[in-house]
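Hi everyone, thanks for making time for this. I'd like to walk you through a structure that may be new to you, so please have a look at it while I talk.

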Amino acid sequence: MPADHRYIQPQSAKEAMELIQKLFNSYRNAPLTSELLNYHNNLVARLNDDIMAAATTEGPKRVEQLTGMIELMQAWTLIRLSGRPFLGKMRHFKLEDGNQPKYKRRVHKINGTSNHRASRH
């Protein structure tokens, strides 16, 4: 297997941002170590350098999403270094609050002839 097929090579800034978002969500609650902090800082540096250059060619909306993502990741560093837990996760390159209740809902058809649906919790 050639060495150039060993790594994931995103074709656009959006693909790279989605990959970094997935990686960030996987380690956001992990115990803070120096290796994790170095890894995180490396990802932030990549966002600032390579991906920012690619995002400028894709348009101002992508640059805006990228700057929000960079600010969120830098805020994660400050929160975790202060010893507090990081609540929430990154979704669509923004912070999604993890404190919202989740409801289970099953859609159930009552009286099979109608198209009305009722949910029984």
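Let me start with how the elements are counted: helices are DSSP runs of at least four residues, strands are runs of at least two, and both are numbered from the N terminus. Counted that way, the protein has three helices and four strands. Please keep in mind that this is a predicted model.

In what order do the elements run from the N terminus on? The order is α-α-α-β-β-β-β. The chain has 121 residues, and 26% of those count as buried.

Now to the helices. Two packed helices are described by the angle between their axes and the distance between the axes. For helix 2 and helix 3, which spans residues 60–81, the axes come within 9 Å and cross at roughly 170°. Angles over 145 degrees count as roughly antiparallel, so helix 2 is roughly antiparallel to helix 3. What classes of residue make up their contact? There are 15 nonpolar, seven polar and two charged residues in the contact of helix 2 with helix 3.

In soluble globular proteins, nonpolar side chains tend to be buried together. Here, the largest nonpolar core has 22 residues, and those that touch the most other members are Leu47, Ile51, Leu66, Met69 and Met73. Helix 1, helix 2 and helix 3 each give this core at least two residues. Which helix supplies the largest share of this core? That would be helix 2, with seven residues.

Next, the empty space. Rolling a probe the size of a water molecule over the atoms shows where empty space is left. The largest pocket holds about 460 Å³ of space. It is lined by 15 residues, and Ile8, Pro10, Leu19, Leu43 and Arg46 are the closest to its centre. Helix 1, residues 13–27, and helix 2, residues 34–58, each supply at least two residues of the lining. Helix 2 has the largest share here too, again with seven residues. By class, the lining of this pocket has 11 nonpolar, two polar and two charged residues.

Most residues other than glycine have a negative phi. Now look between strand 1, residues 89–91, and strand 2, residues 94–96, where you will find His92 in the loop. His92 is not a glycine, yet its phi is positive, about 55°. Phe93 sits in the loop between strand 1 and strand 2 as well, and its phi is also positive, near 65°.

Are these two buried or exposed? His92 counts as exposed, because its relative accessibility is 56% and the cut-off for exposed is over 50%. Phe93 is buried, with a relative accessible area of 8%.

Glu64 and Phe93 are 29 residues apart along the chain, and their C-alpha atoms are separated by 10.0 Å. Glu64 counts as exposed, at 60% relative accessibility.

Buried means under 20% relative accessible area, so Arg62, at 18%, counts as buried. Arg62 and Ala13 are 49 residues apart in sequence, while their C-alpha atoms are 8.0 Å apart in space.

Key:
Residues numbered from 1 in each chain as written. Predicted model: local features only at pLDDT ≥ 70, side-chain atom pairs only at ≥ 80, totals over all residues. Heavy atoms only, no water. 1 Å grid on protein atoms, 1.4 Å probe; cavity = no way out; pocket = protein on both sides within 12 Å on 5 of 7 lines; lining within 4 Å. Points joined across faces, edges and corners; volume = space filled by probe spheres on them. Nonpolar A, V, L, I, M, F, W, Y, C, P; charged D, E, K, R; others polar. Axes fitted to C-alpha atoms, helices over the stretch in contact; angles between N-to-C directions. Parallel < 35°, antiparallel > 145°, perpendicular 65-115°, else oblique. Core = buried A, V, L, I, M, F, W, Y, C linked by side-chain atoms within 4.5 Å. Buried < 20%, exposed > 50% of the residue type's maximum accessible area, 1.4 Å probe, protein only.
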